[in-house]
Amino acid sequence: VLLGSGLTVLSQPLMYVKVLVQVGYEPLPPTLGRNIFGRQVYQLPGLFSYAKHIVKVDGRAGLFKGLAPRLCSSAIGTVVHSKVLQELLTPPWGQCPLSGGLFPPDSSFPLQPGASKKEPGSSLEQVLKETSREMVARSAATLITHPFHVITLRCMVQFIGRETKYSGTLSAFTTIYREEGILGFFAGLIPRLLGDILSLWLCNMLAYLINTYALENGVGSAPGSGVLLLLLQVSTMTEMKSYSQAVTGFFASMLTYPFVLVSNLMAVNNCGLAGGLLPYAPTYSSWLDCWSQLHREGNMSRGNSLFFRKVPAGKRYVWE
C-alpha cells in the first residue's frame with residue numbers, strides 16, 4: 001500500500017495534465033516545432049509546457065489537485081484486490097485443502113513416466129483460471145473505488161473554470177449525492193470496467209501465445225547440449241518472457257485507450273463544471289453517444305500522448 005501510494009503521488013502531475021488534455025482544454029496556443037523526422041509542424045504544448053502553465057497559475061501545489069481522493073482510491077483498491085484474490089484462492093473457490101495446489105487435477109495426480117512437469121503458468125487452463133480470478137478481483141476493486149475516481153477527475157477539471165465546487169473529498173460526496181444521486185458516483189463506470197477487462201485478457205493471452213509458441217518452442221528446438229547451455233537458455237527465456245509481458249501490456253493499453261478516454265469524459269460530463277460543458281464537450285446521452293462522437297471527430301486517441309502533439313488539420317481547440 002505504501003509503495004502504491006508513493007507511485008500515486010509521483011504520477012499525479014502526469015495524470016493531471018493527461019486529464020485536462022483528454023477533456024480538450026488547451027490553455028496555450030500551438031507553436032512551430034519539429035517532429036521526430038525533423039519536419040516543421042505546429043505542435044500543441046507537451047507535458048512540461050502544460051505543467052509549467054499550471055504551476056504559473058496555481059503554484060507547485062496546483063499539480064497535486066485531486067491527490068487525496070486518488071490516494072484513497074489507490075489504498076482501498078489495493079486492499080480490496082488482495083482480499084478478493086485471497087477469497088478466490090480458498091475453498092470452495094480455488095485451492096484444494098488436501099493437495100495444497102491451486103488446481104487439484106494438475107497437482108494431485110502423479111506425472112506419467114516420460115512426462116515433464118510444466119512450468120507454473122505455462123498451461124492454457126492455468127492462464128485462463130488465473131486471468132479469470134484477476135478479472136474478478138480488479139472489477140471488484142474498480143467498482144468500490146470508482147466514486148473516488150470520479151471525485152479525483154472533477155477536482156482536476158475544476159482548473160478549467162476556476163471552480164471550487166469539489167474542494168474536499170467528504171464535501172464532494174455530499175455534492176454528488178445531492179445533485180446526481182447514487183448513479184453520479186458511478187459515472188463512466190461501464191467503459192472503465194470494459195477497458196480493464198479487455199486489456200487484461202489481451203495482455204495475458206498475447207503473452208501466453210508468445211511465450212508458448214515463440215519463446216518455448218524456439219528454445220526447445222535450439223541445437224546444443226550440456227547443463228551450462230541449458231541453464232543459459234532457461235535464463236534467456238525467463239528474461240524474454242518478462243519483456244513479452246511488458247510489451248503485450250503496452251500493446252493492450254494502447255488498444256483499449258478509447259475506453260479510458262470515454263470513461264473519464266463521462267465522469268465529468270454535465271456535472272456543473274466548465275470542463276464538462278460546451279465548448280469542451282456536449283452533453284452526452286450515454287457513453288456510447290460519447291464514443292460515437294469522438295470517433296466521428298477523430299479524437300479517440302486524444303491525450304494518449306503528451307509529447308510531439310501535432311495539431312491535426314481541420315481541428316478546433318479552445319485556448320485562453
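Two strands count as paired if DSSP finds at least two bridges between them. Helices (H or I, at least four residues) and strands (E, at least two) are DSSP runs, numbered from the N terminus. With those terms in hand, here are the close-up views.

**View 1. The whole chain, to get your bearings.** This is a predicted model, in which local features need pLDDT of at least 70, side-chain atom pairs count only at pLDDT 80 or more, and totals for chains, interfaces and linings use all residues. Residues are numbered from 1 along each chain as its sequence is written, and side-chain values use heavy atoms, with hydrogens and water left out. The chain holds 10 helices and 3 strands. Read from the N terminus, the elements follow the order α-β-β-α-α-α-α-α-α-α-α-α-β. Of its 320 residues, 40% count as buried (buried means under 20% relative accessible area, exposed over 50%, and partly exposed in between, with a 1.4 Å probe and protein chains only). The accessible surface of the chain is about 18,000 Å², and carbon and sulfur atoms account for 66% of that surface; such areas come from the Shrake-Rupley method with a 1.4 Å probe, and for residues only the protein chains shown count as cover. Contact means heavy atoms within 4.5 Å. Among contacts between residues at least 6 apart in sequence, 76% join residues at least 24 apart.

**View 2. A hairpin made by strand 1 and strand 2.** Here strand 1 and strand 2 form a hairpin, with 5 residues between them. Look in the turn for Gly38, which has a positive phi of about 90°. The two strands run antiparallel and are joined by 4 bridges.

View 3. The 3 strands form an open sheet in the order 1-2-3, with antiparallel pairing. Its edge strands are strand 1 (31–34) and strand 3 (309–310), each of which pairs on one side only. Strands of a sheet pair through backbone hydrogen bonds, either parallel or antiparallel. Between strand 2 (residues 40–44) and strand 3, which run antiparallel, there are 2 bridges.

View 4. Although Lys310 and Gln43 are 267 residues apart along the chain, their C-alpha atoms are separated by 4.4 Å. Leaving aside neighbours within four places in sequence, Lys310 is in contact with Val41, Tyr42 and Gln43. Lys310 counts as exposed because its relative accessibility is 55%.

**View 5. Helix 1 meets helix 5.** Two packed helices are described by the angle between their axes and the distance between the axes. Axes are lines fitted to C-alpha atoms, for helices over the stretch in contact, and angles run from 0 to 180 degrees between N-to-C directions. Helix 1 (residues 2–23) and helix 5 (residues 124–161) pack at about 70°, with axes 9 Å apart. They are therefore roughly perpendicular to each other (angles under 35 degrees count as roughly parallel, over 145 as roughly antiparallel, 65 to 115 as roughly perpendicular and the rest as oblique). Helix 1 brings Gln12, Met15, Tyr16, Val19, Leu20 and Val23 to the contact, while helix 5 brings His149, Thr152, Leu153, Met156, Val157, Phe159 and Ile160. By class, these residues divide into 10 nonpolar, 3 polar and no charged. Ala, Val, Leu, Ile, Met, Phe, Trp, Tyr, Cys and Pro count as nonpolar, Asp, Glu, Lys and Arg as charged, and the others, Gly among them, as polar.

**View 6. Helix 5 crosses helix 6.** The axes of helix 5 and helix 6 (residues 169–180) come within 10 Å and cross at roughly 100°, so helix 5 and helix 6 are roughly perpendicular to each other. Pro147, Phe148, Val150, Ile151 and Arg154 in helix 5 meet Thr169, Ala172, Phe173, Ile176 and Glu180 in helix 6. This contact has 7 nonpolar, 1 polar and 2 charged residues.

**View 7. Helix 5 packs with helix 9.** Helix 5 and helix 9 (residues 257–268) pack at about 75°, their axes 9 Å apart. On the helix 5 side are His146, His149, Val150, Leu153, Arg154 and Val157, which meet Ser263, Asn264, Ala267 and Val268 in helix 9. The contact has 5 nonpolar, 4 polar and 1 charged residues.
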